[in-house]
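Please look over the sequence and the model shown here before reading the report.

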Amino acid sequence: MKRRVHYLVIFFLFISTGASVLRPEYSPADTIEGFQVDTLATDLVVPWQIVFLPDNTMLFTERAGRVRIIRNDKLIKKPAYITEVVQRNKTGLLGMCIHPDFRKNRFIYLADNYSRNNRVKLKVVRYEFVNDTLIRPFTILDNLPANPNHTGCRLLFGPDRKLYITTGDADEPSLAQDLKAYNGKILRLNDDGSIPEDNPFAGHNDQTLKAIWSYGHRNPQGIAFQPGTGLLFSSEHGPTGGDEINIIKKGGNYGWPVVHHQESQEGMISPIAEYTPSIAPSEAMFYTGKAFPELEGKLLVGCLRGESILRLELKNGTVVKQDVILKQKYGRIRSLVTGPDGYIYLSTSQIDPSEGVPRPQYDMILRLKPSGDSNTQISSQRIMPRKTTAANKKNGKSPVKTGTAVLFQQLCVSCHSNTSAGTKIAGSLFDGKFKYGSGKASIIKNITNGLINKGMPSWKGAISRDNIEKIAEYILIRQRNRGSAK
């Protein structure tokens, strides 16, 4: 299939050298009438995943290494589980899901980060939930690559009763295209960790990893199956914009890092929606409750940087209408699920190093439910489909050619900024104050090999040597120009 972007969505003005600038277009606001927001828990540390048990008990993970319980709207003081985790930026205790036959086997699956040989790793472990405690760990998959950024990891059982696992590229983008590496993949396993016979690469006799279901991902944070069609949708973080909503196909290649944003290439599957600047999409779900008829059947996606819930109306796998609700009401939204009562439960994610700004009582677990009062409304901002600007396209297998300034915008700005100020994540590239060498050779080396333990990705194999040299020259020219302007 040919990777082609169908929508370019702009939430706020994107200014960059050599990049197209589009302004948002909104239709008159829609509303959801008669709602209230209940606060179920406060003073948490990044509640990453919410799930419900058959008896309506809620479990949620905290990235600090705890599984907590809410029963009858009250947070139980004693955690169901405590573990030591590696907490560096976005690592810790992450995804969680329950087995389809939980009533019989009491199985719960967790993903968390740990350290091995001074490197961050990820593992998925199955537990039994007995007397409000997780016991009898059984490792499903471990030694998965991870890093302070781009570590995944969402867990979900599909209608086929298989376990789906998302992994980030672990700041080694080129490995997202490598079928011998777990980086940047969606995996599919039996409930005991064995390989399903119908996986796309299960019959390969080489070193291809048989658990791979799809590849070419950067950092997929949400996966959801559409009721009725069985289609698997994912939400994925892009580089400095280029966030995506994808339909995941068996054995599909989703392009990262060869193509991204509006680029396309034969053999790589395009997103059904792309967002620049970044909204940082997190958990995705199809609303299946009855409490909010306006939302029934819609794909809802929690947004971190976008601080909202993205609502998409789909027809035959195509986005026909989309808007955002709760814009900048509750900060960064991490987990988003439909409860057994049909209400919507969400978690906030403000205690995120370098990005979230802590607030009093945050992080929180919130519940959105009808109030019976039509005077309480949720306003939405409609996003109009737009024709994309001319995308960079190239047939064959060589990387798409992109202007140096645009490449810098797409791959570097989110961490370093496009000014002399830098960001909370990393310093400026234009003030000449480099910790790891300021000459051209050092800059080329750092771009090529990365500083992975510091959160700087390795672009070796993802960007051509020629483009790496051009980015280094671009940085040095910007430094000189800034110096001469003083």
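The report goes from the model and its confidence to the whole chain and then to one residue.

## Model and confidence

This is a predicted model, in which local features need pLDDT of at least 70, side-chain atom pairs count only at pLDDT 80 or more, and totals for chains, interfaces and linings use all residues. Residues are numbered from 1 along each chain as its sequence is written, and side-chain values use heavy atoms, with hydrogens and water left out.

The average pLDDT of the chain (the predictor's confidence in each residue, from 0 to 100) is 85, and 85% of the residues score at least 70. Over residues 4–29 the pLDDT stays under 50, although the model has 83 contacts there beyond four places in sequence, a contact being heavy atoms within 4.5 Å. Residues 396–401 also stay under 50, with 15 such contacts. Where pLDDT is low, the predicted coordinates should not be read in detail.

## The whole chain

The chain has 5 helices and 30 strands, which are DSSP runs numbered from the N terminus (helices H or I, at least four residues; strands E, at least two). Of its 486 residues, 58% count as buried, that is, under 20% relative accessible area with a 1.4 Å probe, protein chains only. Among contacts between residues at least 6 apart in sequence, 60% join residues at least 24 apart.

## Ile247

Ile247 lies in strand S19, which covers residues 243–248, and counts as buried because its relative accessibility is 11%. Beyond residues up to four places away in sequence, Ile247 touches Leu231, Leu232, Phe233, Tyr254, Ile272 and Gly317. The C-alpha atoms of Ile247 and Ser270 are separated by 8.9 Å, with the two residues 23 apart along the chain.

Definitions and conventions
Buried < 20%, exposed > 50% of the residue type's maximum accessible area, 1.4 Å probe, protein only.
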